[in-house]
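Morning, everyone. I have one structure to go through today, and I will take it piece by piece. Please have the sequence and the model open while I talk.

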Amino acid sequence: MTLAETPNNANSSNPFLTLNYESALESLGDDYYDEVAPAEFPQHILRWRNDAILPRLGLNPQAVTDEDFITAFGKFQERKPLLALRYHGYQFGEYNSGLGDGRGFLYGQVRGTDGELYDFGTKGSGKTPYSRGGDGMLTLKGGVREVIAAEALHHLGVRTSRCLTMIETGLALWRGDEPSPTRSSVMVRMNRSHIRFGTFERLHYLRRPDLTEKLLNHVIEQYYPHLIREEDKYALFYAELVQRVAELVAQWMAAGFCHAVLNTDNMSISGESFDYGPYAFIPTYDPYFTAAYFDYYRRYCYSYQPGICKLNLDMLQEPLKAVIAPDDLEAGLAHFDDYYHTEYRSLMLRKLGFEQLQNPGVNELLQLTIQFLQDSQVGYHQFFSEMARTFSSKWRDDPAFVMHNSDIVPALGTSPVFDNWSILYHKILNDFDPDQLDTIAQTLAVSNPKTVLLRPVIESIWEPIAQEDNWQPFYELIERIQSRD
Ligand code: AMP
Ligand code: MG
């Protein structure tokens with residue numbers, strides 16, 4: 001029997017159906033969502049199951065069958081209510097009051113073995129009151145791309161959603177940005193909260209401070225529980241959100257990741273990264289690298305991301321003023337730059353091999369690294385993975401040895417910036433004892449995996465799927481990502 005012919009009867013031994021779902025959001029009342037029905041699909045072919053995250057749900061992967069995934073997340077059996085969440089948002093700077101879950105819903109909320117509340121959110125599960133002109137569907141390629149982004153970012157240390165499963169659903173979709181007809185999928189995302197900045201913006205638009213306060217209490221209770229008993233919990237919540245978002249965007253920047261659509265409906269109130277559409281990893285250090293073809297003014301280009309996230313936090317102050325004093329909000333946002341720079345600096349130093357570095361040359365090293373990457377346009381990821389691959393104790397002996405046997409340096413010819421960089425790197429290495437060089441080599445290796453999801457790589461995974469339904473390269477790629485190769 002093929003997966004597509006799985007019988008339609010619900011199986012009460014399905015571990016996904018017997019999870020202990022909590023109605024955290026549902027219990028707030030129906031001002032925040034609409035109950036919806038899922039689409040029925042002509043086909044259900046399981047393409048991806050993320051066994052790595054099942055233990056966090058208290059599930060043993062071996063006890064979960066492919067049919068269990070399909071029954072729960074392809075056929076949506078025995079699960080009610082399914083909630084399309086209401087939200088608005090600033091899209092490319094323009095306020096849009098016509099948003100909301102247009103092709104997904106909150107399938108359920110589950111407490112992980114870590115004590116945290118997780119959402120299962122679908123994408124591509126059918127029309128809702130917020131679909132506007134859309135078909136409510138997700139392309140298979142879109143599903144593949146989000147699975148890859150979430151796994152890659154997670155393994156690069158970014159605080160991100162993961163994908164629990166992706167099921168091909170047998171519909172022919174028409175899209176302007178993919179050769180069409182193109183195949184369809186439903187993807188289930190597991191993250192900390194689908195409550196967005198735009199969820200609060202909607203309540204401000206509707207002039208409902210009462211609903212803002214209620215939602216904020218819920219957010220603090222579930223996602224900032226250590227603040228519940230603090231007298232100034234609201235101000236502390238915003239200050240911590242600022243810190244989480246600043247650190248998140250620093251993680252993207254160090255990972256060379258461009259999210260592409262930093263609208264306020266794509267910003268989670270838990271400070272976690274999610275919703276990966278036209279994202280890209282930067283091929284080289286180009287501050288103006290822009291991932292979305294429809295981002296005509298480069299609003300969300302690579303180097304604008306910290307500023308945009310700060311702006312989004314600033315705009316969130318408007319709805320939060322219903323509950324939090326403006327001075328407290330300003331005071332919270334004032335720390336954004338510090339949090340960002342501290343995290344970015346520490347992550348970049350790790351990419352350069354250093355866990356901690358109290359050296360007067362640190363700022364200069366970071367500045368020279370960026371300047372070199374930008375001037376030379378060598379591959380951003382390749383530069384660091386070549387450092388990791390070729391690192392040797394000889395680098396401590398003479399600056400001329402630094403990266404001398406890497407693939408990229410000979411190709412550069414003479415570069416004054418690289419010379420300055422290697423002289424400084426050599427000098428810093430001499431502050432370490434020879435027996436500490438192993439630790440540097442290890443830090444370089446774990447901080448700079450070889451597998452990088454540049455667009456041509458993702459396309460090379462997609463092509464065999466599109467041409468001959470060959471999923472092997474996709475599974476192999478995910479394995480390499482998961483083993484941090
Ligand atoms: P996104 O760009 O994926 O963050 O989506 C922005 C808004 O458009 C959200 O309200 C989505 O639910 C909605 N949307 C995107 N694609 C579709 C679609 N194919 N059908 C219905 N709604 C969609
Ligand atoms: Mg979105």
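Helices and strands here are DSSP runs, at least four residues long for a helix and at least two for a strand, and they are numbered from the N terminus. One caution before the details: this is a predicted model.

With that numbering, Arg 132 sits in the loop between strand 8 (117-123) and strand 9 (138-139). Its phi is near 50°, a positive value in a residue other than glycine. For context, most residues other than glycine have a negative phi. Is Arg 132 buried or exposed? Arg 132 has 57% relative accessibility, so it counts as exposed, the cut-off being over 50%.

There is another residue of this kind. Gln 377 has a phi near 55°, again positive and again not a glycine. Gln 377 is in the loop between helix 9 and helix 10 (380-390). With a relative accessible area of 36%, Gln 377 is partly exposed.

Staying with the backbone, let me turn to cis peptide bonds. As a general point, most peptide bonds are trans. Lys 80 and Pro 81 are joined by a cis bond, with omega about -5°. Pro 81 falls in the loop between helix 1 (66-73) and strand 4 (82-85). Ser 180 and Pro 181 are also joined by a cis bond, and there omega is about 5°. Pro 181 belongs to the loop between strand 10 (162-173) and strand 11 (182-191).

Strand 10 also holds Thr 165. What does Thr 165 touch, once its neighbours within four places in sequence are set aside? The list is Leu 46, Trp 48, Arg 49, Phe 69, Phe 73, Val 186, Met 187 and Val 188. Take Arg 49 from that list: Thr 165 and Arg 49 are 116 residues apart in sequence, yet their C-alpha atoms are 4.5 Å apart in space. Thr 165 counts as buried because its relative accessibility is 1%, and the limit is under 20%.

Val 242 is in helix 5 (residues 233-255). At 0% relative accessibility, Val 242 is buried. Leaving out residues up to four places away in sequence, Val 242 touches Leu 313, Gly 332, Leu 333, Phe 336 and Tyr 339. As for Ser 415, that residue is 173 residues from Val 242 in sequence and 39 Å from it in space, C-alpha to C-alpha.

Next, the metal. Which residues coordinate the magnesium ion, ligand 2? They are Asn 266, through OD1, and Asp 275, through OD, at 1.9 to 2.2 Å. Water is not among the atoms, so a site may look incomplete. Asn 266 is buried, at 10% relative accessibility. Asp 275 is buried as well, with a relative accessible area of 16%.

Now the helix packing. Helix 9 (residues 362-376) and helix 12 (residues 416-429) pack at an angle of about 150°, and their axes are 9 Å apart. Angles over 145 degrees count as roughly antiparallel, so that is the term for helix 9 and helix 12. Their crossing is left-handed. On the helix 9 side the contact is made by Glu 364, Leu 365, Leu 368, Thr 369, Gln 371, Phe 372 and Asp 375; on the helix 12 side, by Val 417, Phe 418, Asn 420, Trp 421, Leu 424, Tyr 425 and Ile 428. By class, the contact has 9 nonpolar, 3 polar and 2 charged residues.

Helix 14 (residues 455-468) packs on helix 15 (residues 472-482) at about 145°, with the axes 7 Å apart. Val 457, Ile 461, Pro 464 and Ile 465 from helix 14 meet Pro 473, Phe 474 and Leu 477 from helix 15. That contact has 7 nonpolar residues, no polar and no charged.

Helix 15 packs with helix 2 (residues 140-155) too, at an angle of about 15° and with the axes 9 Å apart. That makes helix 2 roughly parallel to helix 15. The crossing of helix 2 and helix 15 is left-handed. Helix 2 brings Val 144, Val 147, Ile 148, Glu 151, Ala 152 and His 155, and these meet Phe 474, Leu 477, Ile 478, Ile 481 and Gln 482 in helix 15. Here the residues divide into 8 nonpolar, 2 polar and 1 charged.

That is what I have. Thank you.

How values were computed:
Residues are numbered from 1 along each chain as its sequence is written. Chains are lettered from A and ligands numbered from 1 in the order in which they are written. This is a predicted model: local features need pLDDT of at least 70, side-chain atom pairs count only at pLDDT 80 or more; totals for chains, interfaces and linings use all residues. Side-chain values use heavy atoms; hydrogens and water are left out. Donors are N, O and S atoms within 2.8 Å of the metal (3.2 Å for Na, K and Ca); water is not among the atoms, so sites may look incomplete. Buried means under 20% relative accessible area, exposed over 50%, partly exposed in between (1.4 Å probe, protein chains only). Axes are lines fitted to C-alpha atoms, for helices over the stretch in contact, and angles run from 0 to 180 degrees between N-to-C directions. Angles under 35 degrees count as roughly parallel, over 145 as roughly antiparallel, 65 to 115 as roughly perpendicular and the rest as oblique. A crossing is left-handed if the near helix is turned anticlockwise from the far one by less than a right angle, and right-handed if clockwise. Contact means heavy atoms within 4.5 Å. Ala, Val, Leu, Ile, Met, Phe, Trp, Tyr, Cys and Pro count as nonpolar, Asp, Glu, Lys and Arg as charged, and the others, Gly among them, as polar.
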